[in-house]
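Dear colleague,

Please find the structure below for your study. My notes on it follow.

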Amino acid sequence: MAAGKMAIDSCRHKTAYAYLEVASSLLPNDHWESNYDISLRLSFMMASAANSSCKYDDAEIILQRILKEARCTKDKLPSYFVLSQLFQAQGKVVDAYGTCSSILTQLGETIPDSVDPEVVRAMISETLRKYDEVYCDDWLGKKMEDYTLRYVIRFYGQMATSAYFFKVSHVVAYFVCKVAQLSLENGVCQHTPLVFLQLSSIIMRSGNNIACAQ
């Protein structure tokens with residue numbers, strides 16, 4: 001297992017998968033009951049290595065097993081996210097979108113079936129207003145500590161990426177604004193820079209409409 005992690009850390013994903021497969025074969029038949037923490041970590045590393053090696057079928061089987069055996073939603077979040085990435089990599093953008101929508105709903109988020117363009121224009125203006133209010137060194141130094149919230153941000157970001165391929169553009173803007181506002185309200189994390197780059201792109205493309213809304 002340690003060798004597999006070292007291989008993953010050095011981006012040797014095929015080698016990592018081979019090592020982790022051997023480690024998995026050494027576990028007892030009831031390993032999910034008798035060795036839950038090890039099973040969870042090992043299975044997730046295997047799924048990640050398989051996904052990065054383009055072994056998508058193997059990765060999906062492992063991820064679905066994790067989702068079946070995991071004891072709480074928190075333990076399932078990384079696997080749901082890799083599953084959405086797996087679908088995205090195969091061009092199954094509707095499945096990627098649906099996976100993110102499903103878990104976000106379980107986490108208490110409301111995912112609209114449709115989004116009105118006027119609502120999105122107002123949302124962009126509101127996001128910019130919040131940015132003007134909070135942007136300073138204090139906000140940049142405020143770290144987002146909540147583990148689940150960081151995954152909420154990742155799932156919304158993945159939904160925005162998936163929506164780009166089969167939804168109208170203002171739906172993408174809606175999800176990007178959701179992520180930006182969550183970050184402005186709760187602090188920064190490693191995913192914050194990307195969302196503000198995405199927001200900047202949206203603002204540049206729809207600058208006149210935003211000016212009218214303001």
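Lys130 lies in helix H8 (residues 117-134); helices here are DSSP runs of H or I with at least four residues, numbered from the N terminus. The model is predicted, so local features need pLDDT of at least 70 and side-chain atom pairs count only at pLDDT 80 or more, while totals for chains, interfaces and linings use all residues. Residues are numbered from 1 along each chain as its sequence is written, and side-chain values use heavy atoms, with hydrogens and water left out.

Lys130 has a relative accessible area of 17% and is therefore buried (under 20% relative accessible area, with a 1.4 Å probe and protein chains only). Beyond residues up to four places away in sequence, Lys130 touches Gln181, Leu184 and Glu185 (contact means heavy atoms within 4.5 Å).

Ser39 belongs to helix H4 (residues 36-52) and is buried, at 0% relative accessibility. Leaving aside neighbours within four places in sequence, Ser39 is in contact with Leu27, His31 and Trp32.

H4 also packs against helix H5 (residues 56-69), at an angle of about 155 degrees and with the axes 8 Å apart; axes are lines fitted to C-alpha atoms over the stretch in contact, and angles run from 0 to 180 degrees between N-to-C directions. H4 and H5 are therefore roughly antiparallel (angles over 145 degrees). Residues making this contact include Leu40, Phe44 and Ala47 of H4 and Ala59, Ile62 and Ile66 of H5.

Yours sincerely

Methods: Helices (H or I, at least four residues) and strands (E, at least two) are DSSP runs, numbered from the N terminus. Buried means under 20% relative accessible area, exposed over 50%, partly exposed in between (1.4 Å probe, protein chains only). Angles under 35 degrees count as roughly parallel, over 145 as roughly antiparallel, 65 to 115 as roughly perpendicular and the rest as oblique.
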